[in-house]
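Reader: I would like to learn how to read a fold from its parts. Can we take it feature by feature?

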Amino acid sequence: MSYVLDNDQIVLRENVKIDFLDRAYVFGDGVYEVIGVYNGTPFKLEKHLARLQYSADQIELNIPYELEELNKKLMELIEKNQLFTGFIYLQISRGVAPRTHHFPQIEVSPKLIAFTTQTTRLPEDFYTNGVKTMLVEDTRWLRCNIKSLNLLPNVLAKETAIKNDCFEAILHRGETITEGSSSNVFVRKGNKLYTHPADNFILNGITRQTVLEICEKNDIEVVEEPFTKDFILHADEAFLSVTFLGILPIQKVDETAIEVGEITKKIQDELYQLTHKSGIASL
């Protein structure tokens, strides 16, 4: 049996009802988070919930209850579903209201839904030999720092990558690399790592933030500034950071091969140690 957090109640999945006038359904009017769980332990749950609060604030959306209480409910959901390794998907919509583009003029109750998925990490080859990627024009809106439900451009970019036998689409606005369709991008040139700054053009991933912490601890210099398509095509090494999946080396961008480097392996190992210390046996 599968259980779902429906507002403040944990219920069987078949008992969850979603109204077709929910603004998540008709407008994508809401925010979400995906939280990795390893050996029953959510990784950096507090940071995910803080980002959820930030996203909700940006679109003037009230979270139905306090984050501390939501934290407890998510832990209860993990236990109820006996989730060992996988992730929690959590979303909040503005709620059910007559279909108008502007915010409802009547009192509306936000709708919170969270469910768990049991899964495992990718095949080991993805972590040792890396993944293929391709460059795709970034056609998303200009508030990518908000983790909103409006993901169609990301979906189309990912589908383009999959159809071209690639794992990920690396997005670019003109000549400037932003991020992946569902990841952040890091590039090493010389003894420095480069990644796009956490502004409105990217989502500041929790794994991305963890990479920055790892680099600071290990005296690896990180430059947070925009870089170009040509820059990544001449990288000494490059990798993706992804919630739950961790650090994935980039072995190819379009037709250009990139070596899997020691910095990537070092950060992979450090992330493993972090998750292991949190009661996580593998990443």
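**Helices, sheet and loops**

Author: Start with a helix pair. α2 passes α3 in a right-handed crossing. Keep in mind that this is a predicted model.

Reader: At what angle do α2 and α3 pack, and how far apart are their axes?

Author: The angle is about 130°, and the axes are 11 Å apart.

Reader: Which residues meet between α2 and α3?

Author: From α2 come L45, E46, L49, A50, L52 and Q53. From α3 come L67, L70, N71, L74 and M75.

Reader: Now the sheet. In what order do the six strands lie?

Author: The order is β2-β1-β6-β5-β3-β4. The sheet is open, and its pairing is antiparallel. Look for the edges next. They are β2, residues 9-12, and β4, residues 41-42, and each pairs on one side only.

Reader: Where do the helices pack on the sheet?

Author: Helix α2, residues 45-58, touches β3, β4 and β5. Its direction makes about 175° with that of β3, which spans 30-38. Helix α3, residues 67-81, touches β1, β2, β3, β4, β5 and β6. Its direction makes about 165° with that of β1, residues 3-6.

Reader: How many bridges join β5 to β6?

Author: Eight bridges join them. β5 covers residues 86-93, β6 covers residues 111-118, and the two run antiparallel. G86 stands opposite Q118, and S93 stands opposite K111.

Reader: What should I expect of the side chains along a strand?

Author: In a regular strand they alternate between the two faces of the sheet.

Reader: How many bridges join β1 to β6?

Author: Two, and these strands also run antiparallel.

Reader: Where does G40 lie, and what is it in contact with?

Author: G40 sits in the loop between β3 and β4. At 23% relative accessibility it counts as partly exposed. Leave aside its neighbours within four places in sequence. G40 is then in contact with I78, L83 and F84. G40 and K147 are 107 residues apart in sequence and 24 Å apart in space, C-alpha to C-alpha.

Reader: Last, cysteines. What is a disulfide, in general?

Author: It is a covalent bond between the sulfur atoms of two cysteines.

Reader: How many disulfides does the count give here?

Author: The count comes to zero. The test is a pair of cysteine sulfur atoms within 2.5 Å.

Reader: Are C144 and C215 buried or exposed?

Author: C144 is buried, with a relative accessible area of 6%. C215 is at 0% relative accessibility, so it counts as buried.

Terms used. Residues numbered from 1 in each chain as written. Predicted model: local features only at pLDDT ≥ 70, side-chain atom pairs only at ≥ 80, totals over all residues. Heavy atoms only, no water. Pairing = 2+ DSSP bridges. Helix = DSSP H or I, 4+ residues; strand = E, 2+ residues; numbered from the N terminus. Contact = heavy atoms within 4.5 Å. Axes fitted to C-alpha atoms, helices over the stretch in contact; angles between N-to-C directions. Buried < 20%, exposed > 50% of the residue type's maximum accessible area, 1.4 Å probe, protein only. Left-handed = near helix turned anticlockwise from the far one by under 90°.
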